[in-house]
Amino acid sequence: MAGTIKWSFERVGRTDSTQEVARKLAGSGAEEGTVVVALTQTSGRGRKGRAWLSPEGGLYMSLILRPKRSGGVQLLPLVGSFAVADGIKKDTGIVPFVRWPNDVLIGGRKVAGVIAECAYRGKNLSYAIVGVGINCNARTESLGEYAPFSTSISEELGVEIDLTILRDKVLECFARIYAEWERSGKVVERRKEWISTIGRKVEITRGHRTTVYLAEDVKGDGSLVVRSGKDRLALRVEEVERLREI
Ligand code: BTN
């Protein structure tokens, strides 16, 4: 039935990256719904080769998926980001926003990030691994250079949260939005008001060039429509190194 993934958990204490653990499990046949959860990571991975600092107190997990569709996998970071935003809202009442393409923000600061990695056998998608990192109970001062732009749920709420409850809310939301994506390929259209980037000035780095644009829209295929003077272009997720809302 739509929206039902049978989740099972592989708990690791300290690991290099749950993405790596999940990749090995998926390669040896682990089922869709296997979730690797760590207390802390020593080499947490972010988008575009960046590091994801992972002190204890955060929620770090990688979801093994075996999608029934191979088209539209570029939407998986957004599927994950919408699920995280919705899960945080359902758990805490805080309303986060999604900064295109994979960040979850509270009050303009990053509280979570999502990464999606796919493996193919020939031309066929074999599995996808969606990694989710949420700053929950750790203080953002432990996040080094990222601290000024980051927040955590406990800093926003003033109390620590139960990581298992949040994990389950995020997974419940993920299963629903993922089922929608598998069925129709459409997840953006109904959720544009969740995306803080739309209508904002953005500074975008592609290769060695950084340009300021007005972000006008996110298309159904996940690309970001931006304008600079008379130029209007749709940027694919992979093309963009870094995006800053200004
Ligand atoms: C980003 O913001 O660039 C994405 C961050 C994704 C971090 C999570 S934490 C769990 C999983 N394991 C990793 O090494 N990365 C993802």
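A search of the whole structure finds 20 salt bridges, a salt bridge being a side-chain nitrogen of Lys or Arg within 4 Å of a carboxyl oxygen of Asp or Glu. The structure is a predicted model, in which local features need pLDDT of at least 70 and side-chain atom pairs count only at pLDDT 80 or more, whereas totals for chains, interfaces and linings use all residues. Residues are numbered from 1 along each chain as its sequence is written, and side-chain values use heavy atoms, with hydrogens and water left out.

Five strands form an open sheet in the order E11-E10-E9-E8-E12, with antiparallel pairing. Helices (H or I, at least four residues) and strands (E, at least two) are DSSP runs numbered from the N terminus, and two strands pair if DSSP finds at least two bridges between them. Strands of a sheet pair through backbone hydrogen bonds, either parallel or antiparallel. The edges of this sheet are strand E11 (231-235) and strand E12 (242-245), each of which pairs on one side only. From one strand to the next, the twist averages 40°; axes are lines fitted to C-alpha atoms, for helices over the stretch in contact, and angles run from 0 to 180 degrees between N-to-C directions. Strand E10 (residues 224-228) is joined to E11 by five bridges, and the two run antiparallel. Val 226 has Leu 233 as its bridge partner in E11.

Arg 244 forms one with Glu 203, the closest N and O atoms being 3.3 Å apart. Because Arg 244 lies in strand E12 and Glu 203 in strand E8 (residues 201-206), the pair ties together parts that are 41 residues apart in sequence. Residues are classed as buried under 20% relative accessible area, exposed over 50% and partly exposed in between (1.4 Å probe, protein chains only). Arg 244 is partly exposed at 45%, and Glu 203 is partly exposed at 24%.

A further salt bridge links Glu 239 to Arg 206, with the closest N and O atoms 3.2 Å apart. Glu 239 lies in the loop between E11 and E12 and Arg 206 in strand E8, so this pair connects parts that are 33 residues apart in sequence. Both partners are partly exposed, Glu 239 at 25% and Arg 206 at 29%. Arg 236 forms a salt bridge with Glu 238, the closest N and O atoms being 2.6 Å apart. Arg 236 is partly exposed at 46%, as is Glu 238 at 43%. Elsewhere, salt bridges that share partners join Glu 20, Arg 23, Arg 45 and Glu 117 into one network.

The 22 residues of helix H4 (residues 163-184) should span 32 Å at 1.5 Å a residue, and the end C-alpha atoms are 31 Å apart, which agrees; the expected span is 1.5 Å times one less than the number of residues. Asp 162 caps the N-terminal end of H4, with a side-chain oxygen 2.8 Å from the backbone nitrogen of Thr 164. Just after H4, Gly 185 takes a positive phi of about 75°.

Thr 92 is found in helix H2 (residues 76-92) and is buried, with a relative accessible area of 19%. The side chain of Thr 92 reaches the backbone oxygen of Ile 88 at 2.7 Å, and a polar atom of that side chain lies 3.1 Å from the backbone nitrogen of Ile 94. Not counting residues up to four places away in sequence, Thr 92 touches Ile 153 and Leu 157, contact meaning heavy atoms within 4.5 Å.

Terms used:
Polar contact = N/O pair within 3.5 Å; in protein donor to acceptor, adjacent residues only side chain to side chain.
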